[in-house]
Amino acid sequence: MALAGVGAWIVAGCPRPGVSGYLAGDLLMLGAVVCYAVYNAVSGRLTADVPATGATSIMLLAGGVGCVPLFLLNGHPWPHHVSPASFWSLVFLAVFATACAYLVWIVVLQDHDVASAAITLYLQPVFGVLLAIAIVHERPSVYFYAGGVMILLALFLGQHRPRDASRG
C-alpha cells in the first residue's frame, strides 16, 4: 500500500508544501481518506446483508445527505441558471462516474475481501492521466511513467501475497 501511495504521489507530480492551498488540500484529502476508510469498512459488511443495488443506493443516499451541510457551510449560492452542458456534466458525474462506480465496487466486494479490492483504487490517478491523454491529448510527464510503474508493481505485489502458514 505504501508503494502504491508513493506512486500516486509521483503521478500527481510530487506536490510539495508551499504551494497555495497545499495545507487545506492535505487536510481535505486526509478527511476524504478517513471517510473512505469508514465507507470501505461499512460496505464490506453491507454486501453480506443487502443486494448490490440496495447497498449502492444506501451509500449514495448517505453521501448525498452528508454533502448538504458541506455545501451550506461553504457559502456558495444556489445556482439560478444551469446551462445544458453543466446539467449533462452533472448527470454524467452522478450516474456513471459515481453510481456505476459504486455499484461495480459493491459487486466486486461480493466476491473479494476489502483489502485485496482496495489496492486497485490506486489505479485512479493512472486512469485519470490515460483519459487526459485520450480526450485532450495531454502529454504525460516522466512522473506519470515512474509513478504508474510503482502503482502497477504495488498492485501486482498486493494481489500475490504469500499464503498464511497457519491456513495451510
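**Entry 1: the overall layout**

Helices here are DSSP runs of H or I at least four residues long, strands are runs of E at least two long, and both are numbered from the N terminus. I'm working with a predicted model. With that in mind, I counted the elements: the chain has seven helices and zero strands. Reading from the N terminus on, I wrote the order down as α-α-α-α-α-α-α.

Next I looked up how much of the chain is tucked away. Of the 168 residues, 20% are buried. I also checked which contacts reach across the sequence. Taking contacts between residues at least 6 apart in sequence, I found that 77% of them join residues at least 24 apart.

**Entry 2: H1 against H7**

How do the axes of H1 and H7 cross? I looked at helix H1 (residues 2–11) and helix H7 (residues 142–159), and their axes come within 7 Å, crossing at roughly 160 degrees. An angle over 145 degrees counts as roughly antiparallel, so H1 is roughly antiparallel to H7. The crossing of H1 past H7 is left-handed.

I then listed who touches whom. From H1, the residues in contact are Leu-3, Ala-4, Val-6, Gly-7, Ala-8, Ile-10 and Val-11. Their partners in H7 include Phe-144, Gly-147, Gly-148, Ile-151, Ala-154 and Leu-157.

Is Gly-158 buried or exposed? Gly-158 has 13% relative accessibility, and buried means under 20%, so Gly-158 counts as buried. I also looked at Gly-158 together with Ala-118: they are 40 residues apart in sequence, and their C-alpha atoms are 9.8 Å apart in space.

**Entry 3: H3 against H4**

I moved on to helix H3 (residues 52–74) and helix H4 (residues 84–111), which pack at an angle of about 130 degrees with their axes 9 Å apart. That angle makes H3 oblique to H4. H3 passes H4 in a right-handed crossing. On the H3 side, the contact is made by Ala-52, Thr-53, Ala-55, Thr-56 and Leu-60. On the H4 side I noted several residues, among them Thr-98, Tyr-102, Leu-103, Ile-106 and Gln-110.

**Entry 4: aromatic pairs**

How many aromatic pairs does the structure hold? It holds three, and I wrote up two of them. Phe-87 and Trp-88 make an edge-to-face pair, 5.0 Å centre to centre with 75 degrees between the planes. Phe-87 counts as partly exposed because its relative accessibility is 40%. Trp-88 counts as exposed, as its relative accessibility is 55% and the cut-off for exposed is over 50%.

Phe-144 and Tyr-145 also form an edge-to-face pair, with 5.3 Å centre to centre and 70 degrees between the planes. Phe-144 sits at 8% relative accessibility, so I put it down as buried. Tyr-145 has a relative accessible area of 48%, so Tyr-145 goes down as partly exposed. I'd met Phe-144 already, on the H7 side of the contact with H1.

**Entry 5: H6 and what follows**

Last, I looked up the span of helix H6 (residues 124–136). H6 has 13 residues and reaches 18 Å from its first C-alpha to its last, close to the 18 Å expected at 1.5 Å a residue. Then I checked the residue just after H6: His-137 takes a positive phi of about 55 degrees.

Key:
Residues are numbered from 1 along each chain as its sequence is written. This is a predicted model: local features need pLDDT of at least 70, side-chain atom pairs count only at pLDDT 80 or more; totals for chains, interfaces and linings use all residues. Side-chain values use heavy atoms; hydrogens and water are left out. Rings of Phe, Tyr and Trp (its six-membered ring) pair if their centres lie within 6.5 Å; planes under 30 degrees apart count as stacked, over 60 as edge-to-face and the rest as tilted. Buried means under 20% relative accessible area, exposed over 50%, partly exposed in between (1.4 Å probe, protein chains only). The expected span of a helix is 1.5 Å times one less than its number of residues. Axes are lines fitted to C-alpha atoms, for helices over the stretch in contact, and angles run from 0 to 180 degrees between N-to-C directions. Angles under 35 degrees count as roughly parallel, over 145 as roughly antiparallel, 65 to 115 as roughly perpendicular and the rest as oblique. A crossing is left-handed if the near helix is turned anticlockwise from the far one by less than a right angle, and right-handed if clockwise. Contact means heavy atoms within 4.5 Å.
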